[in-house]
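Work through the exercises below with the model open. Try each task before you read its solution.

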Amino acid sequence: MRHSPSEAGALSNSPGHAYNPYDDSAELPEVEEFDHLDGDTTGDYDLDERHALRRVAGLSTELEDVTEVEYRRLRLERVVLVAVWPGGSFTDAENSLAELAALAETAGSQVLEGLVQRRQHPDNATFIGSGKVQELREVVQAHGADTVIVDGELSASQLRNLEDKVDVKVVDRTMLILDIFAQHAKSREGKAQVELAQLEYLSQRLRGWGASLSRQAGGRAGGAGGGVGTRGPGETKLETDRRRIRTRVTKLRRELAGMRVARDTKRADRRRHAVPAVSIVGYTNAGKSSLLNRLTGAGVLVEDALFATLDPTVRKSQTQEGRIYTLADTVGFVRHLPHELVESFRSTLEEAGDADLLVHVVDGSHPDPEGQLTAVRAVLADIGAGGVREIVAVNKSDTADPMVIARLLRNEPHAVAVSARTGAGIDKLRALIESELPQPPVEIDALVPYDHGELVARVHTVGEVLSLDHEADGTRVRARVPESLAAALEPYAVAAR
């Protein structure tokens, strides 16, 4: 069965706003106002930088055909997609192949053709059956493809056998996602996490990378007639590469452990100040960064591509009463997210696990939004965030089918329809977030003298004000506050006077 993949859905964009990250200082910073900026934002600059080296179709790599401006751009890699359809409806197979096509295009490829085979289990030797392998070879030759991308994870033997039979490079889904992450990682921590995931993946598949890893004779293996160059320590090329990978993996783990300490310190500082944490999670390309820009004016990069942003972004926001909380944008999820990525990005994903509230963004215009919700929740459960309170934000309501929006709102208990592009439903989402923030544990009733107005300001910042009256002797305030602030207000408690 041959299938031409469909185009990926468009990401709801929103105008960005430049703003500095949340300052983890000893004192809580003042909340800044976000004014509209007409010029380029940080996200716009990042997007321009990424597109500056984007490959373009039809451009030859021959030196005489490349202009001075475009000499660093390369011809798009031409790929053919292959998938095994073990069960379920054909619509599920189409959606999966369409997602693989979007991943391939994000990585810088031109999708030529897609093949789907119906079989209960992948073939142990080549992932697809022998007849399908021959059909794949003919399609590759007819279209002049450079690469075959398989919608699944291949073993070393399957990778080698399939490359030998189709005579072009073969890439599986995991390798494709790792390549996208390698292109989009910007921070030092993100690059280290991606490299660690790539090395973990590569270490199990060294034998599938060609004859360059063939054995070298050593010690007495060459024998008396072995000749010059056959005697040596006896370590094979394969063993040498594995040892180098293990050494590099150990170094990366040590570096990431140090970075994790800094991240944990910032989290501890926010917890000490009793600042609630809200994490935005969701499927890749659902519009999480657009929603963060709309809610806080963060100005982070927004692009119609899968895994456009990898590095987590934390921004400060406040309720209508002035209470401060943080909003964190996390890396997007996808079906069958590689295990290596989950492990390498665990410290980053823990932003969701440590949050007080999750805003789960789902693409309402996607053919299978319920499948997106299920895939994201599976990863959240894997990282220990399955029990965190959740609000479902059905994004792209301006382009989605109203019947689909109504179905999602009916099935999800805490859901709201929004559009990060137009701003529809944003106020309702913000009000829902504020209502779901955890309440401070201690209720106080205090008469604060006017010369200690900083305590009242702290009540507004980190507490929940129930009533406020200005009397002759000071400000009478009833509120719910953290324990540390309650201790500071204890001398002014009404019951003690």
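**Exercise 1.** Which residues is F307 in contact with, leaving aside its neighbours within four places in sequence?

*Solution.* Keep in mind that this is a predicted model. Select F307 and skip the neighbours within four places in sequence. The contacts of F307 are then L103, I177, I180, F181, H184, T284, G332, V334 and L337.

**Exercise 2.** Find the largest nonpolar core and say which elements supply it.

*Solution.* Step one: size. The largest nonpolar core has 49 residues. Step three: the elements. At least two residues of this core come from each of β2 (77-85), β3 (109-118), α2 (90-107), α5 (173-184), α6 (188-203), α9 (339-344), α10 (346-353) and α11 (369-382). Helix α2 gives the largest share, eight residues. Step four: look for another core. A second, separate core has 22 residues, among them A286, L295, I391 and L432. As a general point, nonpolar side chains tend to be buried together in soluble globular proteins.

**Exercise 3.** Is I149 buried or exposed? Describe its surroundings.

*Solution.* Start with the element: I149 lies in strand β4, residues 147-150. Next, take the relative accessible area, which is 3% for I149. The cut-off for buried is under 20%, so I149 is buried. Now list the contacts, not counting residues up to four places away in sequence. I149 touches V79, V80, L81, V82, L100, A104, V171 and L176. Finally, check a pair of C-alpha atoms. Those of I149 and D172 are separated by 5.5 Å, although the two residues are 23 apart along the chain.

**Exercise 4.** What span should α11 have, and how far apart are its end C-alpha atoms?

*Solution.* Helix α11 has 14 residues. At 1.5 Å a residue, counting one less than the number of residues, α11 should span 20 Å. Its end C-alpha atoms are 20 Å apart, so the two values agree. Then mark the buried positions of α11: P369, G371, Q372, L373, A375, V376, V379 and L380. In general, an α-helix has 3.6 residues a turn, so residues three or four places apart point the same way. Just after α11, G384 takes a positive phi of about 85°.

**Exercise 5.** Summarise the whole protein chain.

*Solution.* Count the elements: 15 helices and 14 strands. Take burial next: 48% of the 497 residues count as buried. Then the surface: the chain exposes about 23,900 Å², and carbon and sulfur atoms supply 48% of that area. Last, contacts between residues at least 6 apart in sequence: 70% of these join residues at least 24 apart.

Notes:
Residues are numbered from 1 along each chain as its sequence is written. This is a predicted model: local features need pLDDT of at least 70, side-chain atom pairs count only at pLDDT 80 or more; totals for chains, interfaces and linings use all residues. Side-chain values use heavy atoms; hydrogens and water are left out. A nonpolar core is a set of buried Ala, Val, Leu, Ile, Met, Phe, Trp, Tyr and Cys residues joined through side-chain atoms within 4.5 Å. Buried means under 20% relative accessible area, exposed over 50%, partly exposed in between (1.4 Å probe, protein chains only). Helices (H or I, at least four residues) and strands (E, at least two) are DSSP runs, numbered from the N terminus. Contact means heavy atoms within 4.5 Å. Accessible areas come from the Shrake-Rupley method with a 1.4 Å probe; for residues, only the protein chains shown count as cover.
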